[in-house]
Amino acid sequence: MRAPALITRGLSEMVRLAVAKGGKPATLMGLSGLGDLVLTCTAMQSRNCSLGAALGSGQSLAQVLGARSSVAEGVATARSRRRAGQAPRHRHADRGGGRCHPAS
């Protein structure tokens, strides 16, 4: 996947998660949201980008992590998001991130 497609998809998923958790999409449009995403997707100095490149070259996660002294926070984040995605959802999850809303 090319960087523009990855960034677009990543931003879309970040916005959906923020809104589901009660956040505002505009919050993600600054340096700590979109700026961090662009860096993570394009700069090999990013621990997460270099980890992804190593995985893409065929190394296992254990090999990559074993050769590092730094933490790539994306590993724990990916595990957490995967578990959250597999958790049973509230029947009204499509209307406000799992919170119930009174009938209008």
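**Figure 1. Contacts across the chain in the predicted model.** Residues 24 or more positions apart account for 35% of the contacts with a separation of 6 or more; contact means heavy atoms within 4.5 Å. The protein has 5 helices and 0 strands, and along the sequence the pattern reads α-α-α-α-α. Helices (H or I, at least four residues) and strands (E, at least two) are DSSP runs, numbered from the N terminus. Of the 104 residues in the protein, 19% are buried. Buried means under 20% relative accessible area, exposed over 50%, and partly exposed in between (1.4 Å probe, protein chains only). In this predicted model, local features need pLDDT of at least 70 and side-chain atom pairs count only at pLDDT 80 or more, while totals for chains, interfaces and linings use all residues. Residues are numbered from 1 along each chain as its sequence is written, and side-chain values use heavy atoms, with hydrogens and water left out.

**Figure 2. The buried face of helix α2.** Helix α2 spans residues 31–42, and its buried residues are G33, L37 and C41. Seen down the axis, these residues fall within an arc of 35°, so they line one face of the helix. The arc is that of the directions from the helix axis to the C-beta atoms. An α-helix has 3.6 residues a turn, so residues three or four places apart point the same way. On the other side of α2, L31 and S32 are exposed. The cover over the buried residues of α2 includes α1 (3–20) and α3 (47–56).

**Figure 3. The crossing of α1 and α2.** The two axes come within 10 Å and cross at roughly 140°. Axes are lines fitted to C-alpha atoms, for helices over the stretch in contact, and angles run from 0 to 180 degrees between N-to-C directions. From α1, residues A3, L6, I7, G10, L11 and M14 meet G33, L34, L37, V38, C41 and T42 of α2. The residues of this contact divide into 9 nonpolar, 3 polar and no charged. Here Ala, Val, Leu, Ile, Met, Phe, Trp, Tyr, Cys and Pro count as nonpolar, Asp, Glu, Lys and Arg as charged, and the others, Gly among them, as polar.

**Figure 4. G10 in helix α1.** G10 counts as buried because its relative accessibility is 16%. The C-alpha atoms of G10 and V38 are separated by 9.5 Å. Along the chain, these two residues are 28 residues apart.

**Figure 5. The largest nonpolar core.** Its 7 residues are I7, L11, V15, A18, L28, L37 and C41. A nonpolar core is a set of buried Ala, Val, Leu, Ile, Met, Phe, Trp, Tyr and Cys residues joined through side-chain atoms within 4.5 Å. Helices α1 and α2 each supply at least two residues of this core. The largest share, 4 residues, comes from α1. Apart from this core lies another, of 5 residues, among them L51, V64, A72 and V75.

**Figure 6. S46 and helix α3.** S46 is found in the loop between α2 and α3. With 10% relative accessibility, S46 counts as buried. Leaving aside neighbours within four places in sequence, S46 is in contact with L39 and T40. In α3, the buried residues are N48, C49, S50, L51 and A54. What covers them includes α2, α4 (61–66) and α5 (74–86). Just after α3, G58 takes a positive phi of about 110°.
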